[in-house]
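These are my notebook entries on a single protein chain.

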Amino acid sequence: MISDRMSKIIKELNNSKKSYINSIELADMLGVSSRTVKRDLKEISEILKDNGAEVEATNQGYRLIINEDELFSQFIDEKNQCSKILTVLLKAIRLVSGRR
């Protein structure tokens with residue numbers, strides 16, 4: 001399962017295109033330690049292997065390499081759809097419980 005933080009890491013790597021981004025920069029963006037980012041990146045790498053992409057790690061930092069555009073796009077679309085469904089469910093729960 002991909003956490004919101006992991007989704008943000010994937011998004012940042014995807015937005016940086018071919019340039020590298022290091023764990024300290026990602027940690028600052030997310031408000032966590034670089035060690036946490038490195039742990040997340042390890043898990044992200046495993047998940048992306050089956051979804052058309054990989055995370056390349058070098059001494060310059062990390063970057064996303066998309067090997068299969070269609071498979072990766074499908075993965076991102078499914079993740080976005082799940083996020084939208086969860087948002088709607090949370091709003092419904094808050095409405096039913098009287099919290100907004």
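The model I examined is a predicted one.

**Entry 1: overall layout**

I looked up the secondary structure and found four helices and two strands. Read from the N terminus, the order of elements is α-α-α-β-β-α. I took the extent along the principal axes, and the C-alpha atoms fill a box of roughly 50 × 30 × 20 Å. The chain has 100 residues, of which 28% count as buried. I then looked at contacts between residues at least 6 apart in sequence, and 51% of these join residues at least 24 apart.

**Entry 2: helix 1**

Helix 1 covers residues 4-15, which is 12 residues. I compared its span with expectation: the reach from first to last C-alpha is 16 Å, close to the 16 Å expected at 1.5 Å a residue. Which residues of helix 1 are buried? I noted Met6, Ile9, Ile10 and Leu13. Viewed down the axis of helix 1, these buried residues fall within an arc of 95°, so they line one face of the helix. On the other side of helix 1, I found Asp4 and Lys11 exposed. I also checked the backbone just after helix 1, where Lys17 has a positive phi of about 50°.

**Entry 3: the segment before helix 1**

I looked up Ile2, which lies in the segment before helix 1. Its relative accessibility is 12%, so Ile2 counts as buried. Setting aside neighbours within four places in sequence, I listed the contacts of Ile2 as Ser7, Ile10, Ile47, Phe75 and Lys79. I also took the separation of Ile2 from Glu43: they are 41 residues apart along the chain, and their C-alpha atoms are 8.8 Å apart.

I recorded Ser23, Leu26 and Ala27 as the buried residues of helix 2. They cover an arc of only 100° around the axis, which puts them on the same side of helix 2. Ile24 and Asp28 are exposed on the other side of helix 2. What covers the buried residues of helix 2? The cover includes helix 1, helix 3 and strand 2 (61-66).

**Entry 4: helix 2 against helix 3**

I next examined helix 2 (residues 23-30) and helix 3 (residues 34-49), whose axes come within 8 Å and cross at roughly 105°. Helix 2 is therefore roughly perpendicular to helix 3. On the helix 2 side of the contact I listed Ser23, Ile24, Leu26, Ala27 and Leu30, which meet Ser34, Val37, Lys38 and Leu41 in helix 3. By type, the residues of this contact of helix 2 with helix 3 divide into six nonpolar, two polar and one charged.

Is Phe72 buried or exposed? With 4% relative accessibility, Phe72 counts as buried. Not counting residues up to four places away in sequence, I found that Phe72 touches Ile10, Asn14, Leu48, Asn51, Gly52, Ala53, Leu64 and Ile66. I also looked up Phe72 and Ile24, which are 48 residues apart in sequence and, C-alpha to C-alpha, 26 Å apart in space.

How values were computed: Residues numbered from 1 in each chain as written. Predicted model: local features only at pLDDT ≥ 70, side-chain atom pairs only at ≥ 80, totals over all residues. Heavy atoms only, no water. Axes fitted to C-alpha atoms, helices over the stretch in contact; angles between N-to-C directions. Parallel < 35°, antiparallel > 145°, perpendicular 65-115°, else oblique. Contact = heavy atoms within 4.5 Å. Nonpolar A, V, L, I, M, F, W, Y, C, P; charged D, E, K, R; others polar. Expected span 1.5 Å × (residues − 1). Buried < 20%, exposed > 50% of the residue type's maximum accessible area, 1.4 Å probe, protein only. Arc of directions from axis to C-beta.
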